Amino acid sequence: MDEASAQEGIGTRRRATRTILAVDDSRTNLHVLAHRLGQLGYLVVLADRGAQALELISARGFDMVLLDCVMPEVSGLHVLQEIRGSRDTADLPVIMVTSQDHPEGAVEALQAGADDYLSRPYAFEVLAARIERTLARAQRMEELKRSNLALDARIAARAIELGEVRSELAAARAELERRQRA
């Protein structure tokens with residue numbers, strides 16, 4: 001096995017557990033996306049409506065959401081705002097995808113909290129690279145959160161220890177003063 005094949009195998013194994021929710025009102029787009037991402041080792045769950053996407057997000061965890069901006073009933077932007085508005089999903093990576101090619105849509109999506117924005121037509125390789133980059137950044141953020149929680153726990157434990165030592169010191173001082181007076 002050459003080095004490129006070995007690296008590709010490592011990347012595929014690493015991504016095998018990654019679950020992506022793809023949301024688009026076009027069933028054709030969804031099936032093509034699911035097929036292509038599946039070939040890269042991702043597990044892809046499909047939703048063709050914004051309301052359905054929100055139900056799926058609240059029912060189970062995803063590593064990322066690929067979200068069409070323009071959908072009937074509940075727009076992709078509304079779904080994004082709901083995702084960002086919930087404490088449980090506020091940090092869920094979201095890449096917005098649209099057929100519209102106007103900068104205002106991209107600005108609005110990014111201001112609403114999208115991690116990335118991509119206009120169709122796009123090269124699939126570009127989407128795959130953006131997904132990998134966004135997932136890697138999200139993983140680093142999760143590691144940082146875990147480290148911060150561990151650090152907070154250590155600080156709390158040290159504060160408790162310090163409080164106990166201060167109490168012992170105060171008791172020892174009081175005892176010393178009592179003995180000196182006696």
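1. Confidence along the chain. Among the elements of the protein, helix α1 (residues 3-15) has the lowest mean pLDDT, 45, while β1 has the highest, 97. Here pLDDT is the predictor's confidence in each residue, from 0 to 100, and helices (H or I, at least four residues) and strands (E, at least two) are DSSP runs, numbered from the N terminus. The protein averages a pLDDT of 88, and 91% of the residues score at least 70. Please read residues 1-16 with that in mind: pLDDT stays under 50 there, and the model has eight contacts for this stretch beyond four places in sequence (contact means heavy atoms within 4.5 Å).

2. Ground rules. This is a predicted model, in which local features need pLDDT of at least 70 and side-chain atom pairs count only at pLDDT 80 or more, whereas totals for chains, interfaces and linings use all residues. Residues are numbered from 1 along each chain as its sequence is written, and side-chain values use heavy atoms, with hydrogens and water left out.

3. The β1-β2 pair. Strands β1 (residues 19-23) and β2 (residues 43-47) run parallel and pair over five bridges; pairing requires that DSSP finds at least two bridges between two strands. Between β1 and β2 the chain passes through helix α2 (residues 27-39), giving a right-handed β-α-β crossover. Right-handed means that, with the strands pointing away from the viewer, the path from the first strand over the helix to the second runs clockwise.

4. The largest nonpolar core holds 23 residues, and Leu21, Val23, Val65, Leu67 and Met96 have the most contacts inside it. At least two of its residues come from each of β1, β2, α3 (50-59), β3 (64-68), α4 (76-85), β4 (94-98) and α5 (103-111); α4 gives the most, with four. A second, separate core of 18 residues includes Leu33, Tyr42, Leu118 and Ala128. Such a core is a set of buried Ala, Val, Leu, Ile, Met, Phe, Trp, Tyr and Cys residues joined through side-chain atoms within 4.5 Å; buried means under 20% relative accessible area, with a 1.4 Å probe and protein chains only.

5. Helix α4. Its buried residues are Gly76, Leu77, Val79, Leu80 and Ile83. Down the axis of α4 they fall within an arc of 155 degrees, so they line one face of the helix; the arc is that of the directions from the helix axis to the C-beta atoms. These residues pack against α3, β3, β4 and α5.

6. A look at Thr98. This residue of strand β4 is buried, with a relative accessible area of 1%. Leaving aside neighbours within four places in sequence, Thr98 contacts Asp68, Cys69, Val70, Tyr117, Leu118, Ser119 and Arg120.

Key
Buried < 20%, exposed > 50% of the residue type's maximum accessible area, 1.4 Å probe, protein only.
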